[in-house]
Amino acid sequence: MKNSVWREVRFSLYLAAVLNGLIIQVVPFQYKCNFTDEKCFACGLRTAVDLFLHGRFLAAYQSNRLIVVLALAAAIMAVDVLLYLYRQGQGKRHGPV
């Protein structure tokens, strides 16, 4: 029971992170750094994601180094979900007769 609650919370956080990323990537929000010369830690991150998805990894890294953290987080989330799905498939295959 305890493990299933932790899994539900984890998967809910994954879904929220992915939806947030999609909204930020698609909707053309205007940020303070668009109007001023001030730079924030996320400047160029939208461009970095686009470049990363097009396979231009070095250009993505040069656009914003935070892309490494995002790529690692996405990989960890994908592996976690795929392992869960794999284990669910194995359990159904070897279930009670």
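Modeller: One cut-off to start with: buried means under 20% relative accessible area, exposed means over 50%, and partly exposed is in between. Keep in mind that this is a predicted model.

Biologist: Okay, why is F52 called partly exposed?
Modeller: F52 has a relative accessibility of 31%. That value sits between 20% and 50%, so F52 counts as partly exposed.

Biologist: And what makes F57 buried, exposed or partly exposed?
Modeller: Its relative accessibility is 48%. Exposed needs over 50%, so F57 counts as partly exposed.

Biologist: What about N64, buried or exposed?
Modeller: N64 has a relative accessible area of 8%. Buried means under 20%, so N64 is buried.

Biologist: Where is N64 found?
Modeller: In the loop between α4 (57-63) and α5 (67-93). Leaving aside neighbours within four places in sequence, N64 is in contact with F41, A42, C43, G44, L45 and A48.

Biologist: What lies 2.9 Å from a polar atom of the N64 side chain?
Modeller: The backbone oxygen of C43. The cut-off for a polar contact is 3.5 Å, and 2.9 Å is within that.

Biologist: Let's turn to the rings. How many aromatic pairs does a search of the whole structure find?
Modeller: Three.

Biologist: Why is the pair of F11 and Y84 called edge-to-face?
Modeller: The ring centres of F11 and Y84 are 5.4 Å apart, within the 6.5 Å limit, so the rings pair. Their planes are at 75°, and over 60 degrees counts as edge-to-face, so that's the label. This pair links distant parts of the chain: F11 is in helix α1 (residues 2-26) and Y84 in helix α5, 73 residues apart.

Biologist: How exposed are those two residues?
Modeller: F11 has a relative accessible area of 22%, and Y84 has 24%. Both values fall between 20% and 50%, so F11 and Y84 are partly exposed.

Biologist: Which residues do ring pairs link into a cluster?
Modeller: F11, Y14 and Y84. F52 and F57 also form an edge-to-face pair, with 4.9 Å from centre to centre and 65° between the planes.

How values were computed. Residues numbered from 1 in each chain as written. Predicted model: local features only at pLDDT ≥ 70, side-chain atom pairs only at ≥ 80, totals over all residues. Heavy atoms only, no water. Helix = DSSP H or I, 4+ residues; strand = E, 2+ residues; numbered from the N terminus. Buried < 20%, exposed > 50% of the residue type's maximum accessible area, 1.4 Å probe, protein only. Polar contact = N/O pair within 3.5 Å; in protein donor to acceptor, adjacent residues only side chain to side chain. Contact = heavy atoms within 4.5 Å. Phe/Tyr/Trp six-rings, centres within 6.5 Å; stacked < 30°, edge-to-face > 60°.
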